Structure formats: structure tokens, C-alpha cells
Amino acid sequence: MENLSSNPIALDVEGRQLVRNPARKRWFLVSLLLSTWVPIAFFVFVFPSRGAVSGLAGIKTVFLFLGTAHVPATLFFYLDKNFSGIIRKHAARYIYVPVALIVVTGLIFAFSNTITQAFVLLIYWAWQAFHYGRQNVGIYAFGSIAETGTGPRKEEKLAIEFGTILAILGTFKILGTAVAPQYLHHTFDLFYQVGFVAFFAVLVFSVVVYIKFFRHTTLLKSCLFFTSVLFFLPVFISTDNNIGFLSYAIAHGLQYIIFMTVISATASGNEARSYSYKSLAQLAGLLLIVGLAFWRVADLRETEIVKSTWAYARVADFLFGAVLGATMAHFVVDADAWRLSIESRREYIKKRFSFVFD
């Protein structure tokens, strides 16, 4: 494939001339790296030893909010008139399936027993780790195209995907042990031990792959590759929830907010240097208002008036399950919206990220 970043002038999807901005591209990639490294470093190295410090507790709260609030950012696709045609043509994926997930999961948590709820959570956590891994592949694809004009090699994607599979195995122990039946605990321990050993094999494989394609890489692309491969390493550093889950979960959320910020900023469809401040304000509103509701819905179940009243408790449980279902709907929508193999999605993304795909 021709190196798309070699020409000084390019045309957008509507034929307008664009001026390349390499600095903009580099800042975008660096922001993705920082959004990954900073929360992981905070939860792995800083918070465990100094968590009682009030300032650090405040930082953790901000991180937790952003990690949760990134899910409602997906709603911006429904506000973007340039994406509305895709939604209309694929109503099942974008409307019917999300609504079904929200309602069914809400009803499960409102009226089913704890065992059923536990298995729903286990499915959710496995799907969540898979979703995180798919975003890692996507981020590396963006970085590869931005830096060298070509997408990632099959072997590079395999290295990232192998790490995701092992993360799913480790996640069952870190998150699942607290809710799963006792008879599954030994299996989760075994999964974790296998994942721990195999993760080192994945690291060796990734180094071999990196050496194989070393002549076709850059410093930023190299950083993005190993960041994606090692994204789930905290799973096997500690089984503490802060280190083994929140560290990378919040990194994922911050990455997504950066992507959706670019989507909303360029939603006007004007030339590459212009920004849609109205759309940015809409995204901010989704993050703050809907994000706050998502963040606090679990607390509603713990209030005294709710716990002491059957009807209130059922409503609170339904809302908790509905938010869980909405998060799974976010997985469903994102799996299609960012699929560059489909022409309509590819043209939409290329227009929004013209500074990457030039």
C-alpha cells in the first residue's frame, strides 16, 4: 500500500483540498499513549501505597467517573446527522438490540436470583475484556496508518488478541470470585495461573514479531504496539481490584473519550482546521449528565429507603441492570461503528480523522 502520509496535499471524501498537519497527528497519538499510561501508573504504583492521601482519593474519584462516563459518549453517534443514515439502515444493531439488552438485563437484576445475576456478570466481564482488546487493536491500527500509511500486520494483531484472551481468563478470578458459586473458584484459580504463564509467552511472541517488522516501524508506532500488547499486564501483577482491573479499565475509558472528542469536534463536516463547538458541548453534556447517572446508579441500591422498600428496591435493581445492559449495548454499537472494513463506516471515520488518514 502506498504511504498515505508521503504527499503534502490530500483531498477529503468530498473532494476538498486539505493541508496536512503532522503535529496534530502526533499529538493525537501521544494523547492515546498518555491516556493509557497515566491511569495504569496511578493505580499500579501510586494509589496502592498512598491511597489514604486526600488528594489521591480525589484523583481516583475523577478517574472512576471518567471511566464510567465514557459509555454514554457512544450516544453522540445518535446525535450526529452524518451517522443517522447508518443507524436507519441497521436499526436492529443500533436500536432494537440495545433496547432489548437494557430491558432484559434490567428485568434480570430486578427479579432473578443471585446465581442468575452472577452468570450474567461473568458473561458481561468476559465481553468487557474482549471489547477492551478490540479497542487496543483499533488504536494500534490508527497508529500504524498514521505513522507508516499501512495497517497492522496479521502477526501484530495476533499478539494483541492473544493478550486479550489471557486477560479474560484472569478477569474471572479478579472480578468473578466475589459473585460466582464456590464450585467455580478452583477453575478461576486455574485460569489465572495458565494466563499468568502464557502472558510471558505472548510477550516473547510480540518481541519476535516486532523484530521481524522492525524496519517498518517508528518510535510512536513501537510505543503503541507494546502498549497494546501489555495493556492487560496489571491483571497478572495483582488480584487487587485497583491494580488488576481499574487501572486498565479507566485507561480504556480515557482512550475512548479522546476518540469521541475527535468525532464530535469534526462533526460539522467543514474543513479539517474547523471545529464544531456545539457538538463538543453535546458530548460534554452526555459525559456529565448521563455519565453521572451511570456512575451513581449502584449507590441508589444501598440507600436505606430503597433497601427497606420492596418496590423501590426492584426499581433500583432494574436501573442497575439497565445500566449494565446499556454498557453491553455500547459494546454492540461500537463493534459496528468503528468497523473500517465496511465502506460507509470507513468513509465516516476517515472524514472525522482526516489528519490520521491523509
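**Salt bridges**

Modeller: There are 10 salt bridges, a salt bridge being a side-chain nitrogen of Lys or Arg within 4 Å of a carboxyl oxygen of Asp or Glu. This is a predicted model, in which local features need pLDDT of at least 70 and side-chain atom pairs count only at pLDDT 80 or more, while totals for chains, interfaces and linings use all residues. Residues are numbered from 1 along each chain as its sequence is written, and side-chain values use heavy atoms, with hydrogens and water left out.

One of the bridges joins Glu161 to Arg134, at 2.8 Å from N to O. This pair links distant parts of the chain, with Glu161 in helix 7 (residues 154-176) and Arg134 in helix 6 (residues 114-148), 27 residues apart. Helices here are DSSP runs of H or I, at least four residues, numbered from the N terminus. Glu161 is partly exposed at 25% relative accessibility, and Arg134 is partly exposed at 39%. Buried means under 20% relative accessible area, exposed over 50%, and partly exposed in between, with a 1.4 Å probe and protein chains only.

Asp189 pairs with Lys173, their closest N and O atoms 2.6 Å apart. Again distant parts of the chain are linked: Asp189 is in helix 8 (residues 185-212), Lys173 is in helix 7, and they are 16 residues apart. Asp189 is partly exposed at 29%, as is Lys173 at 24%.

Arg314 and Asp317 also form a salt bridge, 2.8 Å from N to O. Both lie in helix 13 (residues 310-337), three residues apart, about one turn of the helix. Asp317 counts as buried, at 11% relative accessibility.

Finally, a network of salt bridges links Arg93, Asp336 and Arg345.

Key:
Helices (H or I, at least four residues) and strands (E, at least two) are DSSP runs, numbered from the N terminus.
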